[in-house]
Amino acid sequence: MNAVSYLELLRLTLPEIALTVAALLLLTLDLTLLRPSPLARRFSVAAFIACAGCLAAIALVAASSATASLPDGMFVLTPLTHVVHIVLLVLALLTVLLSTATRFTDHVGEYIALILFATVAMMFLIATENLLLIFVALEFLSLSLYILTGFDKHSRQSAEGALKYFLFGGMSAGFLLFGMSLLYGLSGSIELPRIAAAVSGPSLDPLLLIAIVMVAIGFGFKVAAAPFHLWAPDAYQGAPTVSAGFIASSSKVASFFIFAQVVTLALLPAAGTAGYRGYTPGWVPVIAIIAALSMVLGNLAAIAQTSLRRLLAYSAIGHAGYMLIAFAAHTPESLSALLYYVITYALASLGAFGVLGALEAEGVDRIRDLAGLNRRAPGMAFCLLIFLLSLAGIPPLSGFFGKFFVFAAALHAEPHLSLLWLVLLAVAMSAVSLYYYLGVLKQVYVTEGPADAPPLRIAPPTRIGVWLLAALVVILGCAPSLLLNWFSIH
Amino acid sequence: MLAWTIYLSFLGALASRLAPSKQAARILALLTALAGLALTIAAALHWQPGELLTVARVPWIPQLGIEYHLAADGISLTLLLLTGIAATAGILFSWNIENRTQEFFAFFLVLIGGVYGVFLAFDLFLLFVFYEIAIIPKYFLIAIWGSVPRDASGEKAGAQREYAAMKLALYSFAGSALVLAGMAATWSVSGGKSLSFDALTRYPFPVHFQMWAFPLVFLGFAVLAGMWPFHTWAPTGHAAAPTAASMLLAGVVMKLGAYGCLRVAMMLFPAGLGPWGFHFLGLGSWRDVFAVLAVIGIVYGASVALVQRDFKFVIGYSSVSHMGFVLLGLMTLTRIGLDGAVLQMFSHGVIAGLLFAVVGRMVYDRTHTRQLHELSPMRLAHYIPFAAVTFILAGMASIGLPGFSGFIAEFQVIVGTWRALPWMAIVAGIGILVGIAFTWRALTMAFFGEPVARSHEHALPPITLPEKIASLLLIATTLVVGLYPRVLTDLILPSLNSPLFEGLRKGAWR
């Protein structure tokens, strides 16, 4: 085993360190100097430090475009991880901006610091090709997210959501660990590319198939794909809004990216095909089935929801299905398609939760509470329109191009057009999804609210965050090549 | 310059939304529509026969070979003209909207912008983008400003509007979802290099691919063209929509579907129209299938219109019938039939707009009823003669009397059908006869009813100036095209001879 220079390690992890320092700084400040200040000031100071930390980290990532690879795939930086790092940091920054309007807790420092810690965990997660580190980083991330979900101590739902999330998450970690241990047992290595080299053989080892299924179950929980989605609706509903937005955006990006890394790097030889003719076992059919189930279940269940957050949770399950199609395609462009989809999805979904968070003070949770929003807060209503239509896949918003790219990648899969059944299912389900998104927008724009409802007051940082997200959704939709260039140039 | 029809519409939408007063929003919207109309007329006048007028061509998403490619040939120009005319007339007919006026015109102009975009797009991806942009404003136009029969009030009225709006949005979206799948498959099969029409028309798609891609895409677009049995969104949607939106829905949006059928499905996958090699229920190709559906639509739409009690539903079903002629014309695969189909798109756009304007704006907004048996005792011809005269002229155009645009269009379709599919021409002829019957019935019941004994005075507001101008615009258009059809056929015919339709000409053309 080669010795790792600690100085080198420090240099490579500078962005993560910057974020950690910011988190510790704001934690200390909040616990000492700011203790007697009013809540609003504590939030703004903490958010300011967190934003500065994120910006510093973004600058550091952007400045060091170096590629690096530590032994055993412990820490791998490639052009693509830089891109995902920046995306995660931007999402964290926007999450912090949106969270400044939060008033349910007086543990300000801890709340913001946890968001940053979770981001650090995600940055480590995507910058490694080592099974052990993947697991450690994933657990670090999950722990932060459990706490963020249960942060609202006064709410039973928050505790319930967190407990469910924790129990399911713990179980999924068990599956994942089991699958990983099988992979190690089969290959004798914990480094993803070496596993691929070791498991490549003329026929598929039954044990490898079990490992594939276990890994798929483990990650399936993390990305909330059916039938491992049961925690999602409760967690989304119970969690404080910004936490829910964070779970739906950043953690989705990171989990999907690492899921893709594991299956495409480690299990490359065991792909198989999911065509309706010429089916061969491997991870592609497993993913294809999970994708089909997620799309059908997520989209159909979303129709029946009366709570906006549960609706977003089920729609998230449906979207996980679309993203898994990009996996199942297993073509050169499928990683690009997946990243584009997941990033734009994260933006739109964080935005939708951001709008919800802004309305939280008014006690808006049910879809019908949104009635008359257009008159009370036209700006927020317009942003919600953009986010939901992007999720539904209406051009020129970014969700549309994501969908097209995923479908095109899937139809490019070998053998030719073999995934047509999956694409047709996805297309049918996207028509279903328009129904429930329009149902929400109907409340916002069509239904008249109570005549005497006063205009809503939205805190400026929230407003900035939401408008930024809406602008990103529109810009990336009108000019998808901005993001695509970024994937390929680096 | 033609590209500015799109940009101006979107800018106009923004301007009307932010307009300080209702009147300002109206005027801004009208100016936008007039500017769009002026631009299209100018482009049509400068057009050289057979030319493909490239408006813009820049790489858009180079990674996937997608271009921002706007171009117009004669067929596009015909429909762009229709859009300009219908938009102008629609805005004039919605002059009296008082509820959330600024938003109304904003949604209206976004819809118009999307429609211009579809007709101008020369890249499949771009066409689809504009096609879907048009869906959402339709939903809100109907759900917020829609009109419903008088017996439904309050909650129930809202529910009916929302039902119609949602039905329309879902049908459109489901249709476009099929197109999306077809588009992704096209991209993948053609090698992922380009989705521009000139590249795709040259690409030799395998016949078996065309055999399933053609019906997929054709069906997707035909849903919006009101093809039987996927037409049910049309009458409910048209009836529930506010007047200007019905005019646009029937007049222009249904044409988007028909245009997509021609421009995408038929132009790109001509081999999909060829024979299957076997017969099923006497049908030997997709062409036979869609021709039969079109003929059923003609007769069914007209027959259902004959028994409607609601004046607006009569016009709604008549649209289904008239759009059947468009689809039938396309399926003749003859030059004259296709020419007739495109002419019918234009002609029906103008005539349906006029009919909906009479029903929705002139009659309903004054009498607040659309029930024919309630209108009958009012003897509207006596009180609003202008509306009666307009409806008579529009009805004459609609049933295809010579001198109006409907005649030349339907005549060409029938001739084309006679050459290609003779027995269908006979059935379609029956459809025309039924069309005369329902128009006559609606006309007499709505305007020339028997006065009842207890005659009470109606104090109906007089027809306003914007209504008169818009009606005259539409009537003049249908008369000009009817008396001198070469204004449009000179645009359409050379375009059908262009290299773009070569596959269609070589393949199944007769």
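**View 1. Chain A as a whole.** In this predicted model, the secondary structure of chain A comes to 21 helices and 2 strands. The radius of gyration of chain A is 22 Å, close to the 23 Å that the globule rule gives for 490 residues, so chain A is as compact as a globular protein of that length. Taken along the principal axes, the box that the C-alpha atoms of chain A fill is roughly 70 × 55 × 40 Å. Of the 490 residues in this chain, 61% count as buried, and among its contacts between residues at least 6 apart in sequence, 80% join residues at least 24 apart.

**View 2. Helices α4 and α15 of chain A, side by side.** Helix α4 of chain A covers residues 79–99 and helix α15 of chain A covers residues 334–360, and their axes come within 10 Å and cross at roughly 5 degrees. Angles under 35 degrees count as roughly parallel, and the crossing therefore makes α4(A) roughly parallel to α15(A). On the side of α4(A), the residues that take part are A:Val87, A:Leu91, A:Leu94, A:Thr95 and A:Leu98, and in α15(A) they meet A:Ile343, A:Ala346, A:Leu350, A:Gly354 and A:Gly357. Sorted by class, the residues of this contact between α4(A) and α15(A) divide into 7 nonpolar, 3 polar and no charged.

**View 3. The contact of chain A with chain B.** Chain A gives 25 residues to the contact, and chain B gives 25 residues. On the side of chain A that touches chain B, α18 (398–411), α19 (420–446) and α21 (481–489) of chain A each supply at least two residues. The largest share of that side, 12 residues, comes from α19(A). By class, the side of chain A that touches chain B is made up of 21 nonpolar, 3 polar and 1 charged residues.

**View 4. Chain B as a whole.** Chain B holds 22 helices and 4 strands. For 510 residues, a compact globule would have a radius of gyration near 24 Å, and the 22 Å of chain B agrees with this. The C-alpha atoms of chain B fill a box of roughly 70 × 55 × 45 Å, when the box is taken along the principal axes. Buried residues make up 63% of the 510 residues in chain B, and residues 24 or more positions apart account for 81% of the contacts in this chain with a separation of 6 or more.

**View 5. The hairpin of β1 and β2 in chain B.** Strand β1 of chain B (residues 53–61) and β2(B) run antiparallel and are joined by 7 bridges. Looking across the pair, one finds B:Val58 opposite B:Tyr68 in β2(B). The hairpin has 4 residues between the two strands, and B:Gly65 takes a positive phi near 70 degrees in it. Strand β2 of chain B (residues 66–72) has 6 of its 7 residues buried, so β2(B) is largely enclosed by the rest of the structure.

View 6. Strand β3 of chain B (residues 275–280) is hardly covered, since the count of buried residues among its 6 residues is 0. With strand β4 of chain B (residues 283–285), β3(B) pairs in the antiparallel sense over 2 bridges, and the bridge partner of B:Pro275 in β4(B) is B:Ser285. The hairpin that β3(B) and β4(B) form has 2 residues between the strands, and B:Leu281 in its turn has a positive phi of about 55 degrees.

View 7. B:Tyr383 is found in helix α16 of chain B, which spans residues 380–383, and with 17 C-beta neighbours inside 10 Å, B:Tyr383 counts as partly exposed. B:Tyr383 and B:Leu460 lie 77 residues apart in sequence, while their C-alpha atoms are 7.1 Å apart in space. The other residue in this view, B:Leu493, has its place in helix α21 of chain B, residues 486–496, and B:Leu493 is partly exposed as well, with 19 other C-beta atoms within 10 Å. Between B:Leu493 and B:Arg335 the separation is 158 residues in sequence and 7.7 Å in space, C-alpha to C-alpha.

Methods:
Residues numbered from 1 in each chain as written. Chains lettered and ligands numbered in written order. Predicted model: local features only at pLDDT ≥ 70, side-chain atom pairs only at ≥ 80, totals over all residues. Axes fitted to C-alpha atoms, helices over the stretch in contact; angles between N-to-C directions. Parallel < 35°, antiparallel > 145°, perpendicular 65-115°, else oblique. Contact = placed C-beta atoms within 7 Å. Nonpolar A, V, L, I, M, F, W, Y, C, P; charged D, E, K, R; others polar. Rg over C-alpha atoms; globule rule 2.2 N^0.38 Å. Buried ≥ 20, exposed ≤ 12 C-beta atoms within 10 Å, placed from the backbone. Pairing = 2+ DSSP bridges.
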